Amino acid sequence: MRLNELREYVDGLLDAPSFRDYCPNGLQVEGRADVTSVLCGVTASQALLDAAVAGGYDAVFVHHGYFWRGEDARLTGIRKRRIATLLRHDISLFAYHLPLDAHAELGNNAQLARVAGWTPDGSRFGDQQLGWLGRPAQACTAAGLAASLGDALGRVPQLVGDATRPVGRVAWCTGAAQGYFEQAIEAGADVFVSGEISEQTVHLARETGVPYIAAGHHATERYGIRALGEHLARELALRVDFLDIDNPV
């Protein structure tokens with residue numbers, strides 16, 4: 001498949017141009033003109049790039065790419081090594097951040113619900129309506145929800161706040177979305193799930209009575225990029241593999 005055709009297809013599939021984001025979405029580093037093989041991963045780390053070189057892949061697709069707003073733009077050190085790896089081996093890098101969080105079927109939020117067994121109710125909240133709401137698989141407490149989510153993700157989540165609170169409505173937004181906690185509460189959530197946690201989030205959970213579950217940034221965002229890769233393999237007949245490089249946070 002031609003590189004530009006692949007770019008246009010995925011940009012359209014994820015509606016990439018419609019998002020206000022902290023980084024450029026889509027093709028970030030241009031490689032060879034034809035693409036037959038793709039390696040997918042959460043983050044464009046050196047380990048993922050080295051695996052792409054070793055496997056002879058034409059392109060790499062990730063959720064976390066490069067060129068973040070406010071980041072030092074100089075290509076030195078780690079940045080130089082990463083970009084040089086791509087250019088030396090003529091490998092393209094595609095990155096989709098918020099578009100991959102938001103997609104109704106392939107997105108991180110949709111895929112986290114699938115993995116956790118939650119039923120989305122179509123409600124949205126937060127900036128650009130990125131947060132989701134729905135029902136848990138069965139009636140449970142916040143502690144029960146955290147335990148079942150931990151089983152699904154293979155990682156013990158951190159629960160703060162009232163662990164005994166009954167959960168009829170769960171709100172979630174993968175990754176670093178703890179800033180949406182108050183909006184989740186206003187939307188009627190009994191618990192809010194995201195990836196990361198910081199000091200002030202603990203107090204908000206305790207003082208509002210709505211518990212917060214930090215399930216891991218990487219852990220909650222493994223599934224969107226994998227689903228995108230499976231879609232590309234199915235619809236475009238590309239050879240696509242997913243590599244999960246462990247990250248404890």
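D34, at 40% relative accessibility, counts as partly exposed; here buried means under 20% relative accessible area, exposed over 50% and partly exposed in between, with a 1.4 Å probe and protein chains only. The structure is a predicted model, in which local features need pLDDT of at least 70 and side-chain atom pairs count only at pLDDT 80 or more, while totals for chains, interfaces and linings use all residues. Residues are numbered from 1 along each chain as its sequence is written, and side-chain values use heavy atoms, with hydrogens and water left out.

**Salt bridges**

Side chains of opposite charge can pair when their charged atoms come close. A search of the whole structure finds 11 salt bridges, a salt bridge being a side-chain nitrogen of Lys or Arg within 4 Å of a carboxyl oxygen of Asp or Glu. Three of these pairs, including the one formed by D34, are set out below.

| D34 | R2 | 3.1 Å |

D34 forms a salt bridge with R2. D34 lies in the loop between β1 (26-29) and β2, and R2 in the segment before α1 (3-13), so the pair ties together parts that are 32 residues apart in sequence. Helices (H or I, at least four residues) and strands (E, at least two) are DSSP runs, numbered from the N terminus. R2 is partly exposed, with a relative accessibility of 43%.

D127 is partly exposed at 30% relative accessibility, whereas R20 counts as exposed at 56%.

R32 is partly exposed at 25% relative accessibility, while D58 is buried, with a relative accessible area of 8%.

**Packing of α1 and α10**

Helix α10 (residues 223-236) packs with α1 at an angle of about 125°, their axes being 13 Å apart. Axes are lines fitted to C-alpha atoms, for helices over the stretch in contact, and angles run from 0 to 180 degrees between N-to-C directions. The two helices α1 and α10 are therefore oblique to each other; angles under 35 degrees count as roughly parallel, over 145 as roughly antiparallel, 65 to 115 as roughly perpendicular and the rest as oblique. On the α1 side, L6, Y9, V10 and L13 meet L228, H231, L232, E235 and L236 of α10.

**Two buried residues**

G41 has its place in strand β2 (residues 37-43) and is buried, with a relative accessible area of 0%. Leaving aside residues up to four places away in sequence, G41 touches L48, F61, V62, H63, I225, F242 and L243, contact meaning heavy atoms within 4.5 Å.

H97 is found in the loop between β4 (92-95) and α4 (98-102) and counts as buried at 11% relative accessibility. With residues up to four places away in sequence again not counted, H97 touches D21, Y22, C23, N25, H63, H64 and W68.
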